[in-house]
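Reader: I have just opened this model and would like a friendly tour of its side chains. Could we go through it with questions and answers?

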Amino acid sequence: MSRRTRTARRRPVAAAVLAAGAVLLPVVPASAASGADQDFVIEDPRITESSGLAASRKHPGVYWTHNDSDDGAYLYAVDSRTGKTVATVTMTGVGEPRDVEAISLGPDGNLYVGDIGDNLGGTWDHVWIYRLPEPAQLRDQTVAATQFTVQYEDGPRDAEALMVHPKTGRVYLASKKQSGGRLYAGPEKLSAQGVNVFRPTGADVDWVTDGAFSPDGSELVLRSYLGAKAYDWKGDGSLGEPRRLSAPLLGQSESVTYTADGTGLMYGAEGTRSRVVRVDVEKRDGEGGEGKAPEGAKPPGAGGADGAGGGGEAGEGDGKSTSTAGLIVVGVAVLAWLGLRKGRRGAK
């Protein structure tokens with residue numbers, strides 16, 4: 001199905017989500033300062049379905065992203081100071097990507113790209129992970145990638161979250177399911193020969209659209225359409241009790257990553273001129289650790305062409321409380337929209 005057809009189908013419900021947010025939702029963080037690692041808008045008209053974010057380690061203030069389908073084997077380096085694409089990387093050696101949903105940087109300096117989406121409810125018997133070195137120079141270039149074939153021990157799954165642990169280099173996937181989603185661990189080392197079997201860790205997670213480890217590896221953040229949660233990382237794949245984080249509602253909320261220095265979380269979404277919003281990470285003492293909204297913050301708007309992000313503002317509020325009614329309205333609208341979105345792609 002073409003991107004134009006999918007966009008037309010999801011506009012009515014996305015518009016309902018944004019309309020509800022404009023009236024009922026609380027203020028979400030927007031950084032007052034300009035510069036690297038602050039809020040920005042992705043200006044590149046080619047990037048209409050940004051589904052993953054990864055903070056560069058070699059290039060401060062730069063974020064890697066990609067479209068989730070119908071685009072090809074491309075990665076884009078976006079400068080958070082300007083929102084402009086400063087490099088386009090074409091991966092070779094990976095065939096034709098099917099549904100790229102996630103990107104993460106490993107401790108080995110490699111980018112890991114998850115071609116792991118399956119919106120037909122988990123019907124593909126295998127998916128792929130691509131690995132390539134993060135380029136040392138920011139310029140348009142072609143980079144050879146290694147392709148890994150992936151299967152789940154308990155059968156096919158739809159997934160949108162790939163996380164590489166920053167200390168061990170082990171790759172984890174989280175299946176996307178409204179209830180009963182699971183966290184999966186890959187082999188200690190991926191192999192380009194044969195199949196890499198990902199096994200459930202025993203941790204149940206729901207409705208995950210992306211995830212990220214903190215730079216020190218002590219915490220895992222998992223994002224969903226309506227929020228984000230942080231978990232203490234136990235090291236064996238088990239998770240501590242979830243802590244709800246302050247996260248912006250951005251239409252089709254698809255991505256999250258820590259800043260390279262670990263002081264902030266960057267939340268992104270699909271859509272033409274979609275926004276990436278920073279939420280500062282607070283140091284935890286007791287039950288703290290939630291992101292802190294700056295004083296006078298305004299909500300990110302929906303502006304883009306398909307209503308899933310953009311540069312405008314959706315309204316104002318005092319930022320002190322969450323409207324339960326607003327969240328219910330948004331939740332109903334999002335779930336209805338997801339019903340339309342399900343099955344939008346078949347195997348290619």
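Reader: Is Tyr 152 buried or exposed?

Author: Happy to start there, and please keep in mind that this is a predicted model. The relative accessibility of Tyr 152 is 8%. Buried means under 20%, so Tyr 152 counts as buried.

Reader: How many aromatic pairs does the structure hold, and how is the pair of Tyr 152 and Tyr 184 described?

Author: The structure holds 6 aromatic pairs. In the pair of Tyr 152 and Tyr 184, the ring centres are 4.9 Å apart and the planes stand at 65°. Planes over 60 degrees apart count as edge-to-face, so this pair is edge-to-face.

Reader: How many residues apart in sequence are the parts that this pair ties together?

Author: Tyr 152 belongs to strand β10, which covers residues 146–152, while Tyr 184 belongs to strand β13, residues 182–185. Tyr 184 is buried, with a relative accessibility of 0%. The pair therefore ties together parts whose separation in sequence is 32 residues.

Reader: Which residue has a ring with Lys 176 over its face?

Author: Lys 176 is found in the loop between β12 (171–175) and β13. From there, Lys 176 sits 5.9 Å from a ring centre, and a charge over a ring must be within 6 Å. The ring belongs to Trp 207.

Reader: Which side chain does a polar contact join to that of Lys 176?

Author: Lys 176 has a relative accessible area of 11%, so this lysine is buried. A contact of 2.8 Å links its side chain to a partner, and a polar contact needs a pair of N or O atoms within 3.5 Å. That partner is Tyr 225.

Reader: Which residue lies over the face of Trp 124?

Author: Here the distance to the ring centre is 3.9 Å. A charge over a ring can come from Lys or Arg. In this case the residue is Arg 98.

Reader: Is Asp 37 buried or exposed?

Author: Asp 37 lies in the loop between α1 (3–24) and β1 (40–41). Its phi is near 60°, a positive value in a residue other than glycine. With a relative accessible area of 18%, under the 20% cut-off, Asp 37 is buried.

Reader: What does Arg 273 count as at 37% relative accessibility?

Author: Arg 273 is in the loop between β20 (264–269) and β21 (275–281). Its phi is positive too, near 50°. Buried means under 20% and exposed over 50%, so at 37% Arg 273 counts as partly exposed.

Conventions. Residues numbered from 1 in each chain as written. Predicted model: local features only at pLDDT ≥ 70, side-chain atom pairs only at ≥ 80, totals over all residues. Heavy atoms only, no water. Phe/Tyr/Trp six-rings, centres within 6.5 Å; stacked < 30°, edge-to-face > 60°. Helix = DSSP H or I, 4+ residues; strand = E, 2+ residues; numbered from the N terminus. Buried < 20%, exposed > 50% of the residue type's maximum accessible area, 1.4 Å probe, protein only. Lys NZ or Arg CZ within 6 Å of the ring centre and 35° of its normal. Polar contact = N/O pair within 3.5 Å; in protein donor to acceptor, adjacent residues only side chain to side chain.
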